[in-house]
Amino acid sequence: MKRATSVFYISASIIAVMVIIGAIMPEAFQTVTTNIKSFIATSFGWYYLIIVTAITLVCIFLLISPVGKIKLGKPDEKPEFSRPTWIAMLFSAGMGIGLVFYGSAEPLSHYALSSPTGETGTNQAIKDALRFTFFHWGIHAWSIYGIVALVLAYFNFRKDEPGLISATLRPVLGDRVKGTTGRVVDIIAVVATVLGVATTLGFGAVQINGGLSFLYDIPVNIGVQFIIIAIVTVLFMISAWSGLGKGIKYLSNANMGLATILLLLIFIFGPTIFILNLFTDTIGTYLQSLPKMSFRIAPLDTDIHQWINDWTIFYWTWWISWSPFVGVFIARVSRGRSIREFILNVLFVPSIVSFFWFAAFGGAAIKVENSGLAKISSLATEEVLFGMFEHYPAGLIASIIAMLLVATFFITSADSGTFVLGMMTTNGSHSPSNQIKIVWGVLLSAASVVLLYSGGLQALQNMMIIAALPFSVIMALMIVSLFKSLSDEAKQLEVTKKKKN
């Protein structure tokens, strides 16, 4: 109990201090975080490319390895949730708001504003735009989430360790996981989680504000975004109060329903054949060029190197900073699945859905721009989606559904975040108290507001990149720990098998 209390108070104090500094000295806060972010992106870009690719290869190895038969739990345990509900929950927690925020904006930006290959506005630029968007949101991204979730679920449900990041490092650190070293690991994980979730909540508030501005001329400013965050905070507190089996479960299924409706609207009323052709062609080029993209740093081309820092490195750090949160949550809802089933569903199902999502929304936006109907690339990032809808039938309906979808994704992300932070600061409890969840809910919302106030989207991105670096080292140790434990278990299983024979 003493350990859990210290992790809670220290991590909550760190976040509170950051919130206060950001509120009192927003310009200084923005300057400092920008300088740190620039240093990390410039000095460690190569490192992020290597470690994320290594994580992806580890996941693929576990998928095809004999240890894939091992269950994340006891041998006779059954999954708690049905497969559709399970996938809906991990998808809602994993990337919900980001898919809506960047669904049209990222492919359009790569095509019309800043190409990953330096060539904009051409047919090749369209192909490059979708290929790199798939890269950012595909197997690499879900491998980051998957490996953290897998390690947590394995040690928590099979080895009966607490549901803490530090507990997964016992094979490497020994009993030090119970002392100061373990507490430092958990505090880093909590701070990274808060910053990652707060960033995404900030994106959600900006997206809703952008939709309201585009449709109803409501101004885009911190005041409106504060009101949006305040309203959604009350809603996700109500959901968090109801617990994992009710609030998050029902909202996750509602998210998938709304997302499906929105996707069908743009698929049916948008450039259907173009979307299908783009999806099919990009899947091929994505798979063909995956090794090259994975290690692409462009050391001799300043412009493309900067593009990689601004997009690829930004995304890798975003997924890493989110991985403790998403990892703990996915682990919690994945009890009873085998390692092979887990990796197959966590890596490939969301990736394929994401690919089709970007082909549909990105393709529809590019089609508008490429045909000369409108220059929607000149719109603010948060308004691009709504600008695209304006040029297709049922655009107003789609815009309203999109804002509802962002709101429900906002609620599930924040709801899941408070649950996970409650677990991480109560010694891995699977049922953290409502009081703890409320404290974290308030801090998450406050951090979102302050980050928006102190520098908007740039401040959000700065803090993610900063938080991701120390946690990436912890992820590497988690993988070493997993392999050490799996190796020991494989030997035990082999001995048991020989005795039976």
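**Ground rules.** The model is predicted, so I kept in mind that local features need pLDDT of at least 70 and side-chain atom pairs pLDDT 80 or more, while totals for chains, interfaces and linings use all residues. Residues are numbered from 1 along each chain as its sequence is written, and side-chain values use heavy atoms, with hydrogens and water left out.

**Entry one: α12 and α15.** I began with helix α12 (residues 302-332) and helix α15 (residues 395-424); helices here are DSSP runs of H or I, at least four residues, numbered from the N terminus. Their axes are 9 Å apart and the packing angle is about 85°. Axes are lines fitted to C-alpha atoms over the stretch in contact, and angles run from 0 to 180 degrees between N-to-C directions. α12 and α15 are therefore roughly perpendicular (that word covers 65 to 115 degrees; under 35 is roughly parallel, over 145 roughly antiparallel, and the rest oblique). I noted the contact residues, including W322, F325 and R332 of α12 and F419, V420 and M423 of α15; contact means heavy atoms within 4.5 Å.

**Entry two: α5 and α12.** Next I asked how helix α5 (residues 123-137) packs with α12. I found an angle of about 25°, with axes 9 Å apart, so α5 and α12 are roughly parallel. Among the residues in contact are F132 and W137 of α5, and W307, W311 and Y315 of α12.

My search of the whole structure gave 36 aromatic pairs. Rings of Phe, Tyr and Trp (its six-membered ring) pair if their centres lie within 6.5 Å; planes under 30 degrees apart are stacked, over 60 edge-to-face and the rest tilted. F8 and W440 are edge-to-face, at 5.8 Å centre to centre and 90° between the planes. F8 is in helix α1 (residues 2-24) and W440 in helix α16 (residues 434-500), so this pair ties together parts 432 residues apart in sequence. Both F8 and W440 are buried (under 20% relative accessible area; exposed is over 50%, partly exposed in between, with a 1.4 Å probe and protein chains only).

I also looked up Y102 and W318: ring centres 6.1 Å apart and planes at 65° make the pair edge-to-face. Y102 has a relative accessible area of 5%, and W318 one of 2%.

I looked for NZ of Lys or CZ of Arg within 6 Å of a ring centre and within 35 degrees of the ring normal. The charged end of R337 sits over the ring of W86, 4.2 Å from its centre. K367 lies over the face of F274, 4.7 Å from the ring centre.
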